[in-house]
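Work through the exercises below with the sequence and the model side by side. Try each task before reading its solution.

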Amino acid sequence: MARHIFASPTDHFPDSGGWAICQLWDMPLFPLPNHHCTAFNAPIKVMSTAVEGGAWGMAVLADYLGHADQTLADYLDANVFAGVQSTTEQPDPADVKGFRTFFDRFTKGLPIEQAAVKTIPLQG
């Protein structure tokens with residue numbers, strides 16, 4: 001569903017992280033990548049660097065400014081993720097079907113939220 005919204009031509013998505021809590025308890029990545037697979041209905045590639053979080057990602061993007069002669073994808077493959085261990089999570093068709101049902105209901109409810117915002121005074 002989300003894959004169609006963003007019209008992405010890719011066959012998989014890299015997942016960027018924020019799972020440091022999993023390392024604290026020495027546990028495998030909890031189901032976030034699986035939820036992303038479900039939402040995008042596409043494989044999600046999770047790299048061992050995913051535990052680094054957002055600040056690390058911002059630093060990587062800042063460093064990319066000095067390598068703008070390359071595409072971002074080429075820069076990441078050659079300079080950041082070369083040799084990094086990864087695992088690819090596959091979407092479960094039953095979960096994808098359930099997510100589509102949820103997302104259809106969610107989008108049908110958006111006009112109700114918009115009407116509430118217009119109708120209910122938010123200031124005293």
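**Exercise 1.** Find which residues of helix 5 are buried, and work out where they lie around the axis.

*Solution.* Helix 5 spans residues 72-80, and its buried residues are Tyr-75, Leu-76 and Val-80, where buried stands for under 20% relative accessible area, exposed for over 50% and partly exposed for values in between, with a 1.4 Å probe and protein chains only. These three cover an arc of only 95 degrees around the axis, which puts them on the same side of helix 5; the arc is taken from the directions that lead from the helix axis to the C-beta atoms. On the other side of helix 5, Asp-77 and Ala-78 are exposed.

The model is predicted, so local features need pLDDT of at least 70 and side-chain atom pairs count only at pLDDT 80 or more, while totals for chains, interfaces and linings use all residues. Residues are numbered from 1 along each chain as its sequence is written, and side-chain values use heavy atoms, with hydrogens and water left out.

**Exercise 2.** Describe how the rings of Phe-99 and Phe-102 are arranged, and then those of Phe-99 and Phe-103.

*Solution.* The whole structure holds 5 aromatic pairs, counted for rings of Phe, Tyr and Trp (its six-membered ring) whose centres lie within 6.5 Å, with planes under 30 degrees apart called stacked, over 60 edge-to-face and the rest tilted. For Phe-99 and Phe-102 the centres are 5.9 Å apart and the planes stand at 50 degrees, so this pair is tilted. Both residues belong to helix 6 (residues 93-119), 3 residues apart, about one turn of the helix. For Phe-99 and Phe-103 the centres are 5.7 Å apart and the planes stand at 25 degrees, so the pair is stacked. Here too both residues lie in helix 6, and they are 4 residues apart, about one turn of the helix.

**Exercise 3.** Decide whether Phe-99, Phe-102 and Phe-103 are buried, partly exposed or exposed.

*Solution.* Phe-99 has a relative accessible area of 22% and is therefore partly exposed. Phe-102, with 47%, is partly exposed, whereas Phe-103, with 19%, is buried.

Note on methods. Helices (H or I, at least four residues) and strands (E, at least two) are DSSP runs, numbered from the N terminus.
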